[in-house]
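Student: I would like to learn how to read a structure like this one. Could we go through it together?

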Amino acid sequence: MAHQLSRPEARRIAVRAQLLDAARPDSLLDVVHGLTLLQYDQTAAVAPSHHLIAWSRLGPAYSPADLTQALQARELLELQGMVRPAGDLPLFSADMAAWPGDSAWRAGRLEWVRANDACRRDILARLAADGPTAARDIPDTCVVPWKSTGWNNDRNVMQMLETMLARGEVAVSSRNGGERRFDLAERVYPGLPAVEPEQARRRRDERRLTALGIARARAAETMIEPNGVGEAGEEAQIDGVRGKWRVDPAQLDQPFEGRVALLSPLDRLIYDRKRMLELFEFDYQLEMYKPAASRRWGYWALPILDGDRLVGKVDATADRKAGVLRVDAIHEDEPVDETEVGREIESLAEWLGLDPTGSIAV
């Protein structure tokens with residue numbers, strides 16, 4: 001029988017699973033293990049999203065150097081733009097080895113790779129000889145150019161490297177700023193045996209549900225990391241929300257103490273916008289791609305979490321030249337806790353090494 005949950009109960013499960021309740025995690029490794037991933041994004045209107053997501057959980061105790069050190073120590077790995085626990089690699093290894101799988105689009109890419117196999121082998125030989133190397137330092141020896149209607153047109157080396165990453169032939173060894181440096185996968189990835197594909201898929205679904213707390217079995221397709229959780233967990237129904245959900249039974253009937261937090265626009269709590277709307281009834285979208293005149297909330301507006309409710313957005317910009325965190329507006333969907341939101345803004349400014357005096361009064 002399905003678990004019957006109120007919408008507030010479902011929200012609290014989601015918030016607690018995302019490590020955004022009052023009980024903060026102890027370390028970055030705890031954060032990444034609990035969330036299963038940090039998504040790399042270099043947009044730095046306030047701070048790169050992966051750092052902002054960690055700060056939202058850990059507060060001022062988090063330093064971006066923590067992520068660099070964990071990657072250098074191979075406690076964390078970068079897999080296709082996602083930072084994941086090194087111990088999760090076996091859950092992806094079989095799919096890498098079987099690439100392109102049954103994807104028609106990837107099959108077309110495979111034909112391009114085969115036509116340029118000499119280039120692929122040139123890259124492997126260069127990395128074997130030189131070690132970690134940026135894409136711009138790798139000669140383009142492709143004989144068939146990569147054709148695209150977008151900005152990837154003729155970016156042959158990068159397209160080849162992306163395919164080799166997906167196949168597990170190369171890996172991101174480190175980053176210099178936002179620029180990736182590539183090496184042979186065997187030098188970066190731990191030598192852990194792959195998990196059988198079907199078992200790996202089930203385990204990924206279970207890990208994802210643990211991180212989300214509650215989710216649809218199937219959701220809209222997204223690149224790399226799905227939003228759905230398959231048959232993981234147990235069936236649930238949410239009052240006032242249509243359809244069937246899956247819930248992590250370990251999250252049921254747990255105490256909840258919330259707090260105020262400022263979130264990245266790419267935070268996993270809100271990344272699935274349909275789920276966000278269904279659970280939180282929150283109107284939000286990332287507006288960085290809109291013309292300035294069409295924006296309601298701002299270029300990189302930070303959603304405000306208050307306990308189990310999303311109550312507004314902070315339109316903030318890190319003005320590093322002036323040395324201040326500028327807050328152009330605070331948009332209230334519901335009444336906000338002015339004192340706590342003000343404290344979070346000041347804490348964010350301090351963490352960024354900026355003067356909070358550029359912030360407007362809440």
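**Reading strands, a helix and a core**

Student: In E7, which residue is the bridge partner of Arg-175?

Tutor: The partner in E7 is Arg-180. Two strands pair if DSSP finds at least two bridges between them. Here strand E6 (residues 170–176) and strand E7 (residues 179–184) pair in the antiparallel sense over six bridges. They form a hairpin with two residues between them, and Gly-177 in the turn has a positive phi of about 70°.

Student: Where do these labels and values come from?

Tutor: This is a predicted model, in which local features need pLDDT of at least 70, side-chain atom pairs count only at pLDDT 80 or more, and totals for chains, interfaces and linings use all residues. Residues are numbered from 1 along each chain as its sequence is written, and side-chain values use heavy atoms, with hydrogens and water left out. Helices (H or I, at least four residues) and strands (E, at least two) are DSSP runs, numbered from the N terminus.

Student: Is helix H1 largely enclosed or open?

Tutor: Buried means under 20% relative accessible area, exposed over 50%, partly exposed in between (1.4 Å probe, protein chains only). Eight of the 11 residues of H1 (residues 7–17) are buried, so the helix is largely enclosed by the rest of the structure. Among them are Arg-7, Ile-13 and Val-15.

Student: Which residues touch the most other members of the largest nonpolar core?

Tutor: A nonpolar core is a set of buried Ala, Val, Leu, Ile, Met, Phe, Trp, Tyr and Cys residues joined through side-chain atoms within 4.5 Å. Of the 42 residues in the largest one, they are Leu-28, Val-314 and Leu-348. A second, separate core of 26 residues includes Ile-13 and Ala-236.
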